[in-house]
Amino acid sequence: MSNFKSCPACKNDVTAADEICDVCQFPFNGSEKEKSIHIGRFISQKGVIVDSQDSLTKSQYLLYLAAGMYTLSVVINLSLLLNNLFTLIFNAAIILVLIVSGILVKKAPIVFLLVPLFVLLSIYISNYVIDPSTLHQGIAFKLIILGSLIYSIYNYARSESFKKKFNVE
């Protein structure tokens, strides 16, 4: 006879004598209604993992979009940028950071969400200090990208917390 049983909610092994799962608090001796309510709540909470993945995918697309917008800006202003090699190289580096972050965001989410967030915030703040009128230019685009990156970081942290708490992969 096995000394362990599997929790129907979190799927972790607990000792057969336990009345409540040590990991997710599933009531083994509870009524069917209590068990069903607990499993429903657990599944609902587990949705944070799916939300995190969806958020990362959306941020990935927005990083590609931002890289595309910067590329378009460089192409449109190429004749001016050829006279200022530093600005051309700087814009190319920004485009590269955004593309690489988009590619790698699902492999190391915190790093590749924070890097473009820091880069874009630095650019927006620098532009504002140099010319305050730039704050309002493209404000919706700026807010969407920054908001998405921040929201993805928040969702990913919640997801990792859930996975750690309930030993879920």
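Let's start at the largest pocket, which has 21 residues lining it; Y70, S73, I123, Y124 and N127 are the ones that lie nearest its centre. Keep in mind as you look around that this is a predicted model. Which elements give two or more residues to that lining? They are helix 1 (32-76), helix 2 (78-81), helix 3, helix 4 (109-130) and helix 5. Helix 4 provides the largest share, with 5 residues. As for volume, the largest pocket comes to about 660 Å³.

What kinds of residues make up this lining? Sort them and you get 11 nonpolar, 9 polar and 1 charged.

Y124, one of the residues nearest the pocket centre, also has a charged neighbour: K142 lies over the face of its ring, 5.1 Å from the ring centre. You can find another arrangement of this kind at F28, where K5 lies over the face of the ring at 4.0 Å from its centre.

Now for rings that pair up with other rings. How many aromatic pairs does a search of the whole structure find? The count is 6. Take F86 and F90: their ring centres are 6.1 Å apart and their planes meet at 20 degrees, so this pair is stacked. The reason for that label is that planes under 30 degrees apart count as stacked. Both residues sit in helix 3 (residues 85-104), and because they are 4 residues apart there, about one helical turn separates them. F90, with a relative accessible area of 42%, is partly exposed.

Next, move along to Y151 and Y154. The centres of their rings are 6.5 Å apart and the planes are at 35 degrees, so this pair is tilted. Here the angle falls between the cut-offs, because stacked needs under 30 degrees and edge-to-face needs over 60. Y151 has a relative accessible area of 46%, making it partly exposed. Y154 is partly exposed as well, at 47% relative accessibility.

One more stop for the aromatic rings: F42, F162 and F166 come together as one aromatic cluster.

How values were computed:
Residues numbered from 1 in each chain as written. Predicted model: local features only at pLDDT ≥ 70, side-chain atom pairs only at ≥ 80, totals over all residues. Heavy atoms only, no water. Buried < 20%, exposed > 50% of the residue type's maximum accessible area, 1.4 Å probe, protein only. Lys NZ or Arg CZ within 6 Å of the ring centre and 35° of its normal. 1 Å grid on protein atoms, 1.4 Å probe; cavity = no way out; pocket = protein on both sides within 12 Å on 5 of 7 lines; lining within 4 Å. Points joined across faces, edges and corners; volume = space filled by probe spheres on them. Nonpolar A, V, L, I, M, F, W, Y, C, P; charged D, E, K, R; others polar.
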